[in-house]
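Keep the sequence and the 3D view side by side.

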Amino acid sequence: MCCSSGWDIPVEPAIEDRLRGALGQGELRRPSRAAGRDPFRQVSGLPHGARVVLRADEAGRCVFLDPERGRLCTIHRELGAPALASACRDFPRIVTLTPAGYSITLSHYCPTAAAHLFRDGPAMTVEVDPPAFPPDWPYEGLDARASVGPLLRPGVMMGWEAHGRWERHAVQTLARADLGPIQAIAALGGQAETARAWTPERGPFEPYLERCLGETPTPEEGTPPSSEECGRAWRLVAQCVPRGHPLPSPPASRTGSEGLGARPGAVHRWLAARAFASWLALQGEGLRTTVMGLRLALAVLIAELHRGGPGTEGGMDQTVLLEAIRRADLLLVHLADPAALARRLSRAERGAGSPTPAW
């Protein structure tokens, strides 16, 4: 999907030089679909000093994607992963670089990653140093290693250790079988509100946070987002897509969130992937914003489920849910400007009492 979605893939200067040299020396086959044109297209304002992007054909497919030999990447096949542009190398990984190391989650716009959400087991948890994600891989993403760290609320730092503890707790909460996704987010929201009420008079923050996380949530808590809220949530994210980028048409407005029951474990795993290694947690202005991001993600997913229509009798089937998850991540992770989305959601940090969604 990353090779055929029409995205501009920046090519870092060293990689561009490597590829041009390989093309000139015959190490890399010149793509026939480039039709005599330079397989690279010059674009200004690219990150990391890049001067060009990989050229795509009229259908939005990268010219190095070989449709005649298994729809595989010619660069990867003939030169190996080190010759790939960083965007190609990392997809579908979403990476946050912090003083504690690399935090990695996945984009489920990738069909393979999305299919993994529907597997039975293993238990959902944060994995440390998994073999499939070696520490010597040249990860790139949101580099927060020199930042002050995530905020508890505007003007109050949370600290990296406390942030890591919150992330693990969020994943554990979303893994609970006795809580539906709506109830799990509501439980996290209540604990976030208690945590962000900390003041120095209450003692060191880490023990205080631990007590907040130990509060037992009520399974009955949480109200399903209305059809209107889901539509507004989708439109808020769409407003954060930079001008000139392709944008899907808004989904139909219908009531109900029954599609979440097609495979509830998949929804829990997807929300956990949005809760971990979240750029929103670092670009937003507090813990309330991170929980609001989960509520927003769920509302966007329900909106996308409405686009899919009914599936099997008694609800929506797995295929409809999987495609809705993919479309939700396309909008939330790839099309929307994450900094712009963080600014919009951070409006929830204002005021006291139960937060009102920024949408």
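The side chain of Glu349 reaches the backbone nitrogen of Arg288 at 3.3 Å. A polar contact of 2.6 Å also joins the side chains of Glu349 and Arg196. (A polar contact is a pair of N or O atoms within 3.5 Å; within protein, one must be able to donate a hydrogen and the other to accept it, and residues adjacent in sequence count only if both atoms are side-chain atoms.) This is a predicted model: local features need pLDDT of at least 70, side-chain atom pairs count only at pLDDT 80 or more, and totals for chains, interfaces and linings use all residues. Residues are numbered from 1 along each chain as its sequence is written, and side-chain values use heavy atoms, leaving out hydrogens and water.

Is Glu349 buried or exposed? Glu349 is buried, because its relative accessible area is 6%. Buried means under 20% relative accessible area, exposed over 50%, and partly exposed in between (1.4 Å probe, protein chains only).

Now find helix 9, residues 264–275. Helices are DSSP runs of H or I with at least four residues, strands are runs of E with at least two, and both are numbered from the N terminus. Helix 9 is mostly covered: 9 of its 12 residues are buried. Among them are His268, Trp270 and Arg274. After helix 9 comes Ala277, with a positive phi near 55 degrees.

Last, the cysteines. A disulfide is a pair of cysteine sulfur atoms within 2.5 Å. The count comes to 0 disulfides. Cys230 is in none; the nearest cysteine sulfur, that of Cys240, is 17 Å away. Cys230 is buried, at 1% relative accessibility. Cys240 is buried too, at 5%.

Technical notes: Expected span 1.5 Å × (residues − 1).
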